[in-house]
Amino acid sequence: ANRSSLVISMSHAIDKALLTKLTAPKVVVHDGIVDKASYDAIKAPVKPLNAPFTFLIIGAIHPTKGQMTALKAFHTLYQSHPSVRLIIAGTGRRLYAQKIKKYIRQHQLSSVVQYLGYVKNPYEVHAQADAVLMCSKSEGMGRVTIEGMLFSNPVIGYNGGATPELIEHGKDGLIYEGIEELVSHMRFLVDNPQIAAAYGKKGRIKAGQNFLIEDFVKTIFSHLKQIEKPTTKTVE
């Protein structure tokens, strides 16, 4: 890698974790997640006033993604807020998925927790949520976080990986470390829907300003143009 003219990483977290000893020129460029036309077409869904507050965790079903953490936090919250709901979407590790389903059955949560498995269109699921949970401890960038923002949903994310780069705590989402803090943040959003909505609106603005595919392409292209072409000797 040190022989490269430029090394581009998609987050400061990856740069810090993997590239600290690199001597080649480096730059961080966050991924483009959505094109401008799609961004403009996405509208925050209008939900009934008495609709239950719904949390969403979506992505690969894997222990590192933290679905069990989200489920246990939801279970704790449910004791004091029985109107809340949780959607779990994604596919992956079979044994881990069985563990999640077993927990739902054992604690009689089947009526308030939807385990959807694979979903063809993630945007349809995001449209059903009021807040998104990002419980992965080592997210390289966090596409799900930005997708949540696209739908004006506040995101509660773990303080690890690239997630703190994407969420500004107390501005457009919330950052947690332990499960108790996760429960506290979830409770805060449920008890303060107007603040949750304000976080969501700011997150959507951020997504449009920082994560459009068109801007990503322009940025990458500008870096490529600045790379000096290697000199070649002409053979006579």
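A: Contact is taken here as heavy atoms within 4.5 Å. Leaving aside its neighbours within four places in sequence, leucine 71 is in contact in this predicted model with Leu86, Ile100, Tyr103, Ile104, Leu109 and Val113. Three of these residues, Leu71, Leu86 and Val113, are among those with the most contacts inside the largest nonpolar core, which has 35 residues. Such a core is a set of buried Ala, Val, Leu, Ile, Met, Phe, Trp, Tyr and Cys residues joined through side-chain atoms within 4.5 Å; buried means under 20% relative accessible area, exposed over 50%, and partly exposed in between, with a 1.4 Å probe and protein chains only. Phe55, Leu133, Ile156 and Met186 are also listed with the most contacts inside the largest core. Helix H3 (residues 67-80) gives the largest share of this core, six residues. Helices (H or I, at least four residues) and strands (E, at least two) are DSSP runs, numbered from the N terminus.

Ile156 leads on to the strands. Isoleucine 156 stands opposite leucine 174 in S8. Strand S7 (residues 155-158) and S8 run parallel and are joined by four bridges, where pairing requires that DSSP find at least two bridges between two strands. Strand S8 (residues 173-176) is covered on both faces: Gly173 and Ile175 are buried on one side, and Leu174 and Tyr176 on the other.

Glutamine 108 is located in the loop between helix H4 (94-106) and strand S5 (113-117). Because its relative accessible area is 62%, glutamine 108 counts as exposed.

For the chain as a whole, the secondary structure comprises 10 helices and eight strands. Of its 236 residues, 43% are buried. Among contacts with a separation of 6 or more, 65% join residues 24 or more positions apart. The C-alpha trace spans about 80 × 40 × 30 Å along its principal axes.

Residues are numbered from 1 along each chain as its sequence is written, and side-chain values use heavy atoms, with hydrogens and water left out. As the model is predicted, local features need pLDDT of at least 70 and side-chain atom pairs count only at pLDDT 80 or more, whereas totals for chains, interfaces and linings use all residues.
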